[in-house]
Amino acid sequence: MPRYQLEVLSTLDRARLQLYHFTAIVIAGMGFFTDAYDLFCISTVTRLLGRIYYFDQKGPGKLPANVSAAVYAVALCGTFAGQLFFGWMGDKLGRKKAYGITLLLMVVASIASGLSFGSTAKSVMTTLCFCRFWLGFGIGGDYPLSATIMCEYANKKTRGAFIAAVFAMQGIGMLAGGAVAIIVSAAFRSAYRDGPRHSTTREADYVWRIILMLGAIPAALTYHWRMRMPETARYTALIEKDEKRAAADMSKVLHVEIKVNPLNVQGFRRINEPRFGLFSKEFARRHGWHLLGTTSTWFFFDIAFYSQNLFQKDIFTAVHWLPRPERMDAIEEVYRIARAQTIITLCSTVPGYWFTVVFVDHIGRKSIQLMGFFFMTIFMFTLAIPYHHWISGGHQTGFLVLYSLTFFFSNFGPNATTFIVPAEIFPARIRSTCHGISAAAGKAGAIIGYLGFAYAAQSTHRQQVDPGYHKGIGMKHSLLCLAVTNAIGMLCTFLIPETKGKSLEELSRENEDEENEGIEVKHTHSGRTAPIEQLENLNLLE
């Protein structure tokens, strides 16, 4: 049955598009720009780290298996912890207060990563891993906070597009990471050349440090504007119970007059007292399947997505799009890896993000997610089953086209929608926490996907296995596993509701009073309805 709705929340749901909405997208989106840059740029420089710090007289050096796993996985572990911690902080301290802390962490940790020091290879890698854990911790906090803030600022008609636009900055960040790696490596390559088998020039050590440290710039530029954003009206009104300040804050940014109706305020407070917590039976009854749906879909998706992203260079080498490391010097290898990844990002990843922005409020979140998982599954099976056909006989171009399409439909699909839906369907008082839990489930999948793919994709022939690894199931069977993972994610999508065109209070059921269904309803002066019994208790009947 309908309940009271505060005027400030109704105004937000009906608000026309204004400059402030786009400003909020840019401010929140720059966090994701930095997130993507920092998380994915490491894949362009890991081979360089191996050449510099693990020099081998027999050929190009390579990171030992355990060191490679640590460099990649430690940032994901930090992200996992940050999503849980800052998700909880966003509900306890407020979205805005926690928001600034995440950005400062990213700035400091990005700079520190590039300044990693030590007298031995082990000490340098240890310092780098320590810094990247805290970088991931800050990045993790940006997931629930950015999604929740943008969700609570947006109107219900274009809310999906706004949240998707924030997330789409991740694609721009990945593109920027590749572009920076190309520019830096090209500049050093023209000035310093070395033989393919030797990568010990002193100047090569600056390349990876510059690439990592430049990730601090966009985060630093955004900090001032983040701190000027007001707290979201839904947090101020629904959690802090300060409806007047919420109305005043939104009046300023939306340039409209928002009146506070005493009848609505008293009625809303009376019948919207928190009746259940995250670990209660009532939450399980109302939102248990929803939380299972958001966590499981994000978990299975990230297994496939992060495996593909972090191991692009290995896949490109396997299909002969990149030369073997023995045929390139260190800086040229960085250049070629970055160029290959940037082409894939530009042609498939970035368009996929923006297709979601355009269509998410027309097609719907659930439909896009089902479609994305479906085509990812189909294309991955198409790559995996005739894998040996693709890597031989000049068919590499066909492989790369299909491989690019998996990225397109991951972003015009579950990569965006798994980020959007958890911000919409849970009550305001635990919205950030539930989004953090969902995102952390995704990062758990990313960690499993990374470690699993690193070992599983090793050759079935002992002589072709990389040093430090055991025999695996091979690239073909690894791609088959990713296809099955996508199929499971598609099935789990049926656990989530469609959220298109509905208000946050309607989706979270904060405007329902299930205990009073069937009670006689009386209209108030404002045209809203409320149970007569509740109005009598408030002495608000005419």
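Predicted model: local features only at pLDDT ≥ 70, side-chain atom pairs only at ≥ 80, totals over all residues.
Residue numbers start from 1 along each chain as its sequence is written, and side-chain values use heavy atoms, with hydrogens and water left out. Local features need pLDDT of at least 70 and side-chain atom pairs count only at pLDDT 80 or more, while totals for chains, interfaces and linings use all residues.

**View 1. Packing of helices H16 and H18.** H16 (residues 365–384) and H18 (residues 396–411) have axes 8 Å apart and an angle of about 160°. Helices are DSSP runs (H or I, at least four residues), numbered from the N terminus; axes are lines fitted to C-alpha atoms over the stretch in contact, with angles from 0 to 180 degrees between N-to-C directions. The pair is therefore roughly antiparallel (angle over 145 degrees). Residues in contact (heavy atoms within 4.5 Å) include Phe375 and Phe379 of H16 and Phe399 and Tyr403 of H18. By class, this contact has 10 nonpolar, four polar and no charged residues (nonpolar: Ala, Val, Leu, Ile, Met, Phe, Trp, Tyr, Cys and Pro; charged: Asp, Glu, Lys and Arg; polar: the others, Gly among them).

**View 2. Packing of helices H15 and H16.** Phe359, Val360, Asp361 and Ile363 of H15 meet Arg365, Ser367 and Ile368 of H16. Four nonpolar, one polar and two charged residues make up this contact.

**View 3. The largest cavity.** The largest cavity holds about 110 Å³ of space (a cavity is a set of points on a 1 Å grid over the protein atoms alone where a 1.4 Å probe fits but cannot get out; lining residues have an atom within 4 Å of a point). Among its 13 lining residues, Phe40, Ser43, Met174, Gln341 and Thr345 are the closest to its centre. The lining divides into four nonpolar, nine polar and no charged residues.

Terms used:
Helix = DSSP H or I, 4+ residues; strand = E, 2+ residues; numbered from the N terminus. Parallel < 35°, antiparallel > 145°, perpendicular 65-115°, else oblique. 1 Å grid on protein atoms, 1.4 Å probe; cavity = no way out; pocket = protein on both sides within 12 Å on 5 of 7 lines; lining within 4 Å. Points joined across faces, edges and corners; volume = space filled by probe spheres on them.
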